[in-house]
Amino acid sequence: MRRIDQDHTRFRDIVRGRIKQDLRKYVTSGEMVGKQGKRYVSIPLPQIQLPRFRYGSNKKSGVGQGEGEPGQPMDGEAQPGQAGEEEGKHVLEVDVSLEELARILGEELELPNIQPKGKRTLRTLAGKFTGIARSGPQSLRHFKRTFKEALKRQIASGTYDPEDPRVIPIRDDLRFRSLARREQPQASAAIVYMMDVSGSMGREQKEIVRMEAFWIDTWLRHQYRNLEVNYIVHDAAAHVVDQHTFFHLRESGGTKISSAYELCLKLIDEKYPASEWNVYPFHFSDGDNWSSRDTERCVELLRDSILPGVNQFCYGQVKSAYGSGQFKKDLDQAFRSDERVVTSDILDREGILPSIKAFLGKGR
Amino acid sequence: MGNLTPELAQMRDEVRALARGYGLDFYEVLFELVDYDELNMVAAYGGFPTRYPHWRFGMEYEQLSKSYTYGLSKIYELVINNDPCYAYLMRSNSMTEQKLVMAHVYGHCDFFKNNLWFAKTPRKMMDMMANHATRIRAYMDRHGTERVENFIDTVHSLDNLIDPHAPFIKREGRPRREEEAPAQSPVFKIAAKDYMDRYINPPAYLERQRQSIREEQEQERRHPARPLRDVLKFLLDHAPLQLWEQDVLSMLREEAYYFAPQAMTKIMNEGWAVFWHSQLMTRHLLEASEVVNYADTHSGTLATSPGQINPYKMGVELFRDIEDRWNRGCFGPEYDKCEDADEKRRWNRNLGLGREKVFQVRRIYNDVSFIDEFVTAEFAEAQRLYVYGYNPATGRYEIVDRDWRKVKEQLLTALTNFGQPIVYVVDANHKNRGELYLVHDWGGVDLEFDAALKTLEHVQKMWKRPVHLETREGGKGRLLSYDGQETSVKEITPSKDAMQVVGPAAPKE
């Protein structure tokens with residue numbers, strides 16, 4: 001182990017500790033959501049830098065070099081900087097992998113690991129001898145690679161003589177064939193997000209859904225190597241949309257929740273047979289439905305068709321100024337004894353964490 | 001020594017011989033060939049292979065690796081002030097770049113050895129750093145990693161509170177005893193006849209004298225007797241610290257003093273190295289096929305961007321200007337008196353003193369005196385230097401002035417005390433309650449209060465009693481305090497102590 005690894009690990013530990021400590025803040029502020037890369041999130045951590053007596057921001061003048069008349073703005077997005085050492089002005093951002101973020105979330109909310117259904121758990125298979133290693137039995141020595149390494153070394157150190165091209169491998173040059181392990185695909189999961197985009201769901205409500213979806217994604221991705229995400233929006237009718245539309249669309253009009261459930265069912269039937277997939281439908285709305293008849297239809301759909309094919313059905317009710325919140329009551333009543341249906345109330349941003357805990361705390 | 005390939009070793013010998021030929025004088029330089037990851041690691045440790053364990057180095061390493069991976073930055077050279085000097089070469093650099101780096105490094109090493117500000121730096125720093133690491137590791141084993149690490153955090157947040165001139169000041173040894181102190185100066189009276197005494201030595205005058213003697217005695221009794229800039233030293237001597245804490249503090253203080261001259265001579269040091277690498281490369285080392293590659297690298301080093309001074313550019317241009325001026329004799333009263341710009345431009349006394357002068361400059365100046373002495377109207381004009389400022393109306397940074405005096409003033413302000421605020425210990429027994437009173441030497445630029453309050457918490461951790469920092473905000477007195485429980489900011493009229501250090505408050509606008 002190199003010396004820096006120790007310090008680096010220590011630094012990562014401190015970062016982890018800070019994020020964990022401030023998890024609530026990060027969840028509610030939503031600043032991570034926009035900074036998401038494919039595998040990493042950039043998290044601003046200004047508080048980790050050691051404080052010092054230093055000059056403040058009214059040091060807004062300095063010396064520059066170049067063309068221009070007094071009064072003219074300097075070209076481009078000028079960084080105010082000065083000769084000499086400039087320190088600690090930028091905010092420190094640390095990259096944290098989504099994997100690690102999920103672990104932090106899991107530890108903080110004490111989320112249980114999910115036991116995937118079906119037999120398809122992780123299997124590691126011994127593959128072919130396609131790898132190269134620096135140690136191994138002589139019988140597996142890779143002659144060509146060993147020769148190449150020796151040649152490289154001799155040329156680099158100047159002991160290679162083209163007149164007398166003798167190449168003698170030393171121990172460092174030896175290369176061996178090795179087993180490359182291959183992982184067989186394991187359990188797969190699918191999320192179906194459904195959101196009510198009727199007139200009563202405002203910007204803030206959608207923002208809450210967006211933040212909650214980010215954390216749910218992060219956790220489920222951590223649990224399943226292979227995760228597919230689908231988005232459905234509905235008012236009186238339902239549509240499958242892409243992620244961007246899902247969070248930014250603003251429809252208006254009535255609300256017919258059953259339309260979404262029907263579409264969701266169709267999607268599951270077509271793409272995600274229960275024998276191979278762990279399916280997680282999430283539905284977010286403000287709790288208003290068109291009619292009680294439609295609510296009955298929803299309950300029917302859930303009980304008879306959707307629930308048998310999914311791991312868990314989650315309903316999050318985001319409080320809005322117009323929603324009556326009746327739908328959650330109806331669901332609770334209908335599925336009081338059914339563990340597969342989880343509902344939660346999200347009053348405001350503070351409600352996101354408890355809601356995530358309710359949804360994912362069952363380990364299903 | 002080192003692990004250079006035969007080709008590079010040969011190149012090093014050539015560069016070294018050339019550098020010596022020009023009169024550069026350096027300790028032996030050991031070059032080490034490393035890959036980018038090793039270089040990032042060494043750079044994270046400030047150039048030393050062994051430092052004490054601390055997460056800050058890990059953070060530095062991560063930032064360097066990240067910015068290298070994204071192609072935002074690449075470390076070209078890394079050289080350690082030590083005898084022998086250590087320097088690192090990146091394995092993936094082209095031969096042209098390696099040559100350039102070597103020539104550049106010899107410039108730095110000459111500067112380290114000969115510049116006066118480095119005269120007191122320990123030259124066996126490599127070993128010293130390793131020893132510090134061993135001792136701190138031992139303390140961590142004995143007292144717990146976390147505890148020692150927390151204390152190191154505390155020291156780090158204060159390690160800019162040093163006095164870069166301190167290594168040059170000879171201190172009196174032990175405190176004077178009363179009988180050794182010069183006899184109390186009695187009240188001074190002009191000899192006069194009795195009947196005139198009342199007029200020649202009026203009572204009010206005598207009273208004034210007695211007053212000032214009393215004040216002097218008062219001052220002597222205070223602790224510290226005079227405001228001290230080396231806050232770390234004061235804490236080391238007087239804060240109630242455990243023995244291991246004292247040792248850690250004194251080690252980190254030594255390291256801070258080791259690095260201080262580098263911050264004080266950034267422009268000169270880089271300028272000197274560029275001066276020599278361009279000299280050696282263009283006159284001797286470059287082959288025709290390498291010119292484009294060299295020009296690309298070299299101009300990258302000297303690139304300027306608006307709103308920023310590139311120390312490499314600034315330094316080398318100044319050195320070249322000095323050499324040129326002293327070659328032509330453009331200095332002295334005769335030249336200064338001349339008011340004809342044309343004549344000044346054509347001025348040539350064929351003195352040929354340039355080379356001698358730049359060597360002298362590299363010996364006795366630091367960035368502040370270098371800029372102060374050698375930035376002239378002509379230089380500022382030729383380099384298109386300007387002062388910029390923030391215009392709240394447009395929300396943009398604008399060019400404010402091209403007057404060379406203003407440019408110089410602005411540069412000097414930024415460079416004073418290597419760009420760090422100056423803080424004095426003024427009273428260690430404030431309100432006669434053992435509270436520590438610090439004064440910030442406010443020169444027109446406010447401190448960042450959030451950071452300052454957090455830093456005060458660290459001061460308090462060491463001092464254990466409440467601590468105060470007097471500073472100003474837009475010229476008006478402010479007292480920042482931390483008593484171990486909570487921080488506070490109060491408006492005050494600048495105290496007498498602060499006036500002594502800073503001067504009277506700015507007049508109201």
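Author: Strands count as paired when DSSP finds at least two bridges between them. Strands (E, at least two residues) and helices (H or I, at least four) are DSSP runs, numbered from the N terminus. The model is predicted: local features need pLDDT of at least 70, side-chain atom pairs count only at pLDDT 80 or more, and totals for chains, interfaces and linings use all residues. Residues are numbered from 1 along each chain as its sequence is written, chains are lettered from A and ligands numbered from 1 in the order written, and side-chain values use heavy atoms, without hydrogens and water.

Reader: What makes β2 of chain A and β4(B) a pair?

Author: Strand β2 (residues 61-65) of chain A and β4(B) share five bridges, in the antiparallel sense. The rule asks for at least two, so they pair.

Reader: Why is A:R54 with B:E448 called a salt bridge?

Author: A salt bridge needs a side-chain nitrogen of Lys or Arg within 4 Å of a carboxyl oxygen of Asp or Glu. Here the N to O distance is 3.1 Å, so the pair qualifies. Between chain B and chain A the count is eight salt bridges.

Reader: How many residue pairs are in polar contact between chain B and chain A?

Author: There are 25, both residues at pLDDT 80 or more. A polar contact is a pair of N or O atoms within 3.5 Å; within protein, one must be able to donate a hydrogen and the other to accept it, and residues adjacent in sequence count only if both atoms are side-chain atoms. Elements giving two or more residues to the chain B side include α3 (55-69), β4 (385-391) and α20 (449-463). α3(B) gives the most, with eight residues.

Reader: What area is buried between chain B and chain A?

Author: About 6100 Å², 55% of it from carbon and sulfur atoms. Buried area is the accessible area (1.4 Å probe) that two parts lose on being put together, summed over both. B:W55, B:Y388 and B:Y397 supply 12% of the area that chain B buries against chain A, more than any other three residues.

Reader: How do you know that domain 1 and domain 3 of chain A touch?

Author: Contact means heavy atoms within 4.5 Å. By that rule, 18 residues of domain 1 of chain A are in contact with 13 residues of domain 3 of chain A. An automatic or database assignment sets the bounds: domain 1 is 1-49 + 91-110, and domain 3 is 188-360. Their burial is about 1700 Å², with 74% from carbon and sulfur atoms. The salt-bridge count there is zero.
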